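Thank you all for coming.

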Amino acid sequence: MAVEIVTVKSANSRPIWFIGKNALDQAGLPQDATLWAKANDFNGEAGRVLILPAKEGAIAGALFGTGGEEKSGQSQLLAGKLARALPEGDWHIEGKPEDAALTTLAFLMGGYSFTRYRKADGKTIRLALPEGVDAKETQAVADAVTLARDLINTPASDMGPDALEQAARDLAGKYKAEISTIEGDALLAQNLPMIHAVGRAGSIAPRLIDMRWGNDNDPKITLVGKGVCFDTGGLDIKPASGMLIMKKDMGGAANVLGLALMIMAAQLPVRLRVLIPAVENSISGNAFRPGDILQSRKGPTVEIGNTDAEGRLVLADALALADEEEPELLVDMATLTGAARVALGPDLPPFYTHDDDLAQAIAQKADETADPLWRMPLWQPYAQKLSSRVADINNVTTDGFAGSVTAALFLSRFVEKAGAHVHFDIFGWTPVEKPASPVGGEAQAIRALNQLLKERFPAR
């Protein structure tokens, strides 16, 4: 299946009427359409699509139920259902939807399918661009979501650290960004010891991917994404059920690449840097062990309480490197803790920052873009739970409480010079199909962040 947006409505385009719950009689439909809807018990139920017949078996149009007045989260992306429910051909929205840009984006997101390993069904649906929607901008956001989803959905056999590097190089080439890597034992020489320690047991060498774009004189925005291409848990091995979707443990890297795509496509006046520690947390004779003490780039020594808390280790070195440049904004994204899912579920990623104004702005953009996020506290008294008797800090606590908070506190210890730092503990996966999200890899937080950056740093 392919979905497209077109700027000009074709002569044979068929209409889609958006109908609110219990609003059928006020919708101004042709009489035949109203009668057909009533005969089929259609009354604007959220997400329901009803195809309207024409003479001789043709299709006259479609009705789409938008439900009640309350709009929040995924309910704002209901139009994603259209991409999977409409018959092939050209379509347009009759009248003006409440949020035309979000409706168009939802349509594109809902039409996503992962086809690397099987053929698509061949159906093509084209939607005429509603008035006032920027085609280039909307397509760039949809492309970013697709990039993140594709990278996460690709299994580790084809998305190891080297393949993740190639994906970053492909993106850099498209937008003329500079890119370099530090690989294997060179990580030790360049003082990135924890990235090396976590990834050294993998069959593909660990590396730090470093992409730069924009003018050096513009505000520095740095994105750091966890790139654990597969996570066995290390010597503290996960159960089989815990490894089933661990190809998604590079979801932070996938999402920062998606956000970078949007920033570069919009030509925002920022000096962008993207850092991705790309590793596999594997099991081998040289794997790092529980009880090991690792030297970090920033200086503090880290006792390994659990090898399955590896993401924060590679992020700590990358964050320390990023922080040395004193960026105006430092963002890190990671599929970091199961505790975040216990607290907020798969659809509502928590974020952490000391900057109240930034937190308020992120929350506002999350609402505006239907990209749900929830601020959680950097509760400093919990930092003592990470204490160690033999090192400066432990990578885990011993009581099992507040796991997402303590992980964020661990990371914050490695940032001190950035103007503002925000950490996102994303899931990167949709476990149950939603209107604009099939089951599988997911882009989270990047649409909200893109909107925030566009407003703070408007294109010239």
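Predicted model: local features only at pLDDT ≥ 70, side-chain atom pairs only at ≥ 80, totals over all residues.

**The pocket and its surroundings**

The largest pocket has a volume of about 560 Å³, where a volume is the space filled by probe spheres set on grid points that are joined across faces, edges and corners. By pocket I mean, on a 1 Å grid over the protein atoms alone, an open set of points with protein on both sides within 12 Å along at least five of seven lines, and lining residues have an atom within 4 Å of a point. Residues are numbered from 1 along each chain as its sequence is written, and side-chain values use heavy atoms, with hydrogens and water left out.

Which residues lie nearest the centre of the largest pocket? Of the 27 residues in its lining, they are Asp308, Arg312, Leu336, Thr337 and Gly338. Helix H10 (311–323), helix H11 (338–344) and helix H13 (403–412) are the elements that give two or more residues to this lining, and H11 gives the most, with 3 residues. Helices (H or I, at least four residues) and strands (E, at least two) are DSSP runs, numbered from the N terminus.

The UniProt record, an unreviewed entry, annotates residues 306–313 as "domain: Cytosol aminopeptidase", and such annotations may be inferred rather than shown by experiment. In the model, this span is 38% helix and 0% strand, and its end C-alpha atoms lie 11 Å apart.

Turning to the strands, an open sheet of mixed pairing is formed by 3 strands in the order S12-S13-S17, where two strands pair if DSSP finds at least two bridges between them. Strand S12 (293–295) and strand S17 (393–394) each have a single partner strand and stand at the edges, so one side of each is left without a neighbour in the sheet. S12 pairs with strand S13 (residues 301–303) in the antiparallel sense over 3 bridges, and Leu294 has Val302 in S13 as its bridge partner.

Finally, the side chains of Asp25 and Lys38 meet in a salt bridge at 3.0 Å, N to O, the term requiring a side-chain nitrogen of Lys or Arg within 4 Å of a carboxyl oxygen of Asp or Glu.

How values were computed: 1 Å grid on protein atoms, 1.4 Å probe; cavity = no way out; pocket = protein on both sides within 12 Å on 5 of 7 lines; lining within 4 Å.
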